[in-house]
2 protein chains.
Amino acid sequence: MKSDMERKHYDSIEKNNREHMSYLHDIERYLRTIGTLAQTENNTKVVLLLEEMNIQIQNISKNIYSNNSILNSIFNERVSQCHIEKISFDVYIEPNLKTDLIDDLDLISMIGNLLDNAIEATSKCKDNRSVYVRMFMANEKFLVLRIENTYSIKPKKFGNSFITVKSDRKNHGIGINRVNQLADKYGGFLQTEMKDNIFITSLILSINCSNS
Amino acid sequence: MKSDMERKHYDSIEKNNREHMSYLHDIERYLRTIGTLAQTENNTKVVLLLEEMNIQIQNISKNIYSNNSILNSIFNERVSQCHIEKISFDVYIEPNLKTDLIDDLDLISMIGNLLDNAIEATSKCKDNRSVYVRMFMANEKFLVLRIENTYSIKPKKFGNSFITVKSDRKNHGIGINRVNQLADKYGGFLQTEMKDNIFITSLILSINCSNS
């Protein structure tokens, strides 16, 4: 009996796997076309194509928070989202931030995952929906991202890290696991705490400044 | 013994699954940043970001084959690749081609997969490396993509469709399965034949012209 259930479980995983492979196979081709469109300066079509891929690019703000265009994009996208969802979004990035040694994709994963968790948590509050973000250098050797957000549902602790309360159970913890992995890659760590009904997330990365 | 092997097999599938989920989770964030960069006209950064994702955007040609910018991108990208690999690439698209009713993403998947298979097959030839492509309407109701390519390794037949001889066994057949699926979506079909050492692929899609 148990073996039958196991087999069904594995069969469904194998099916998922095939679907993922097929999607990843397609995605590579979508991305190549997006790159070609970008190189021929056909931006409107890039945005349309992404929307066909269910990536909604709202009317994006164009604030300049730092001299890193990836950071600006990450924050501008969330500013627009928070504006729509009536969430107060307060961001400040110190001008001397050293991001050169962090891969763009890793920046997007780490900051994006943490911001999205914060926004999702605060969006469940009836009032006082707010996300507060600071990025700064500590002791010139550590890059710190600090996010504070209100919440209405207390996140569950899972091992050493909190996981958010999401409707999509399948994706539980994937984001946080990824951030922990990447923090580790940069000799850093992720810390979460709850204080006076505020959820505080600190990502600390150690930056090798010997080249600067 | 067999059960142990089975378990190992399933464990590895489960591990793959987790890695895919994690990658797909990240990719959504990468795409959102790419969209934001495109909307703020930061194309150079879009191309750089895609290169970090291992999507190589070569110095792309800017030929205009049709009034469909997605089609132009798909073909321009392959023209550049063929130029580098010393493959003769001959494309002609009839001006009256009706592509409005086909989703951009499906166009990319179908044409991209078939072109990439043709280019991969011909690239294994020592000389006479050549891909010949025509797109036209048949009887005003059918959109036809015809690809002819030389080959040196005879593709194996797998069910009703040929599969290319690829080094990466894991990805065998994914592309062709996807094209068959999509052809079916558009009430069409895929046909392959070998004739005088030329491999001929015909994709026929039925186009509902009642709105035109």
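Predicted model: local features only at pLDDT ≥ 70, side-chain atom pairs only at ≥ 80, totals over all residues.

Biologist: OK, chain B. What's the strand order in the sheet?

Modeller: The order is β1-β2-β3-β7-β6 in chain B. That makes an open sheet of 5 strands, and the pairing is mixed.

Biologist: Which strands stand at the edges?

Modeller: In chain B, β1 (88-93) and β6 (189-195) do. Each has a single partner strand, so one side of each has no neighbour in the sheet.

Biologist: And the twist? How many degrees from one strand to the next?

Modeller: The average is 15 degrees.

Biologist: Let's zoom in on β2 and β3 of chain B. How many bridges join them?

Modeller: There are 8. β2 covers residues 130-138 of chain B, β3 covers residues 142-150, and the two run antiparallel. One pair to look at is Met135(B), whose bridge partner in β3(B) is Leu145(B).

Biologist: What about β6(B) and β7(B)? Parallel or antiparallel?

Modeller: Antiparallel, with 7 bridges between β6(B) and β7(B). Met194(B) has Phe199(B) as its bridge partner in β7(B). The two strands form a hairpin with 2 residues between them.

Biologist: Which residue in that turn has a positive phi?

Modeller: Asp196(B), at about 50 degrees.

Biologist: Now helices. What does α4 of chain B lie across?

Modeller: Helix α4 (residues 104-122) of chain B lies across β1, β2, β3, β6 and β7 (198-206) of that chain. It runs at about 15 degrees to β3(B). Helix α5 (residues 174-185) of chain B lies across β6 and β7, at about 130 degrees to β6(B).

Biologist: Switch to chain A. What is the strand order there?

Modeller: For chain A it reads β1-β2-β3-β7-β6, an open sheet of 5 strands with mixed pairing. β1 (88-93) and β6 (189-195) of chain A stand at the edges. Neighbouring strands are turned by 15 degrees on average, direction ignored.

Biologist: How many bridges join β2 and β3 of chain A?

Modeller: 8, and those strands run antiparallel. Val131(A) has Asn149(A) as its bridge partner in β3(A).

Biologist: Which strands of chain A does α3 touch?

Modeller: Helix α3 (residues 69-84) of chain A packs on the sheet and touches β1 and β2. Its direction makes about 165 degrees with that of β1(A). Helix α4 (residues 104-122) of chain A packs on the sheet too, touching β1, β2, β3, β6 and β7 (198-206). For α4 of chain A, the angle with β3(A) is about 15 degrees.

Biologist: On to the interface. How many residues are in contact?

Modeller: 66 residues of chain B are in contact with 66 residues of chain A. The buried area is about 6,400 Å², and carbon and sulfur atoms give 60% of that.

Biologist: Which residues of chain B lose the most area?

Modeller: Tyr10(B), Arg32(B) and Leu105(B). Together they account for 11% of what that side buries.

Biologist: How many salt bridges between the chains?

Modeller: The count is 10. One of the side-chain pairs is Glu77(B) with Arg32(A), at 2.4 Å, N to O. There are also 22 residue pairs in polar contact across the interface.

Biologist: Which elements of chain B give two or more residues to that side?

Modeller: α1 (2-39), α2 (43-52), α3 (69-84), α4 and α5 of chain B. α1(B) gives the most, with 29 residues.

Biologist: And what kinds of residues are on that side of chain B?

Modeller: They divide into 24 nonpolar, 23 polar and 19 charged.

Key: Residues numbered from 1 in each chain as written. Chains lettered and ligands numbered in written order. Heavy atoms only, no water. Pairing = 2+ DSSP bridges. Helix = DSSP H or I, 4+ residues; strand = E, 2+ residues; numbered from the N terminus. Axes fitted to C-alpha atoms, helices over the stretch in contact; angles between N-to-C directions. Contact = heavy atoms within 4.5 Å. Buried area = accessible area lost by both parts, 1.4 Å probe. Salt bridge = Lys/Arg side-chain N within 4 Å of Asp/Glu carboxyl O. Polar contact = N/O pair within 3.5 Å; in protein donor to acceptor, adjacent residues only side chain to side chain. Nonpolar A, V, L, I, M, F, W, Y, C, P; charged D, E, K, R; others polar.
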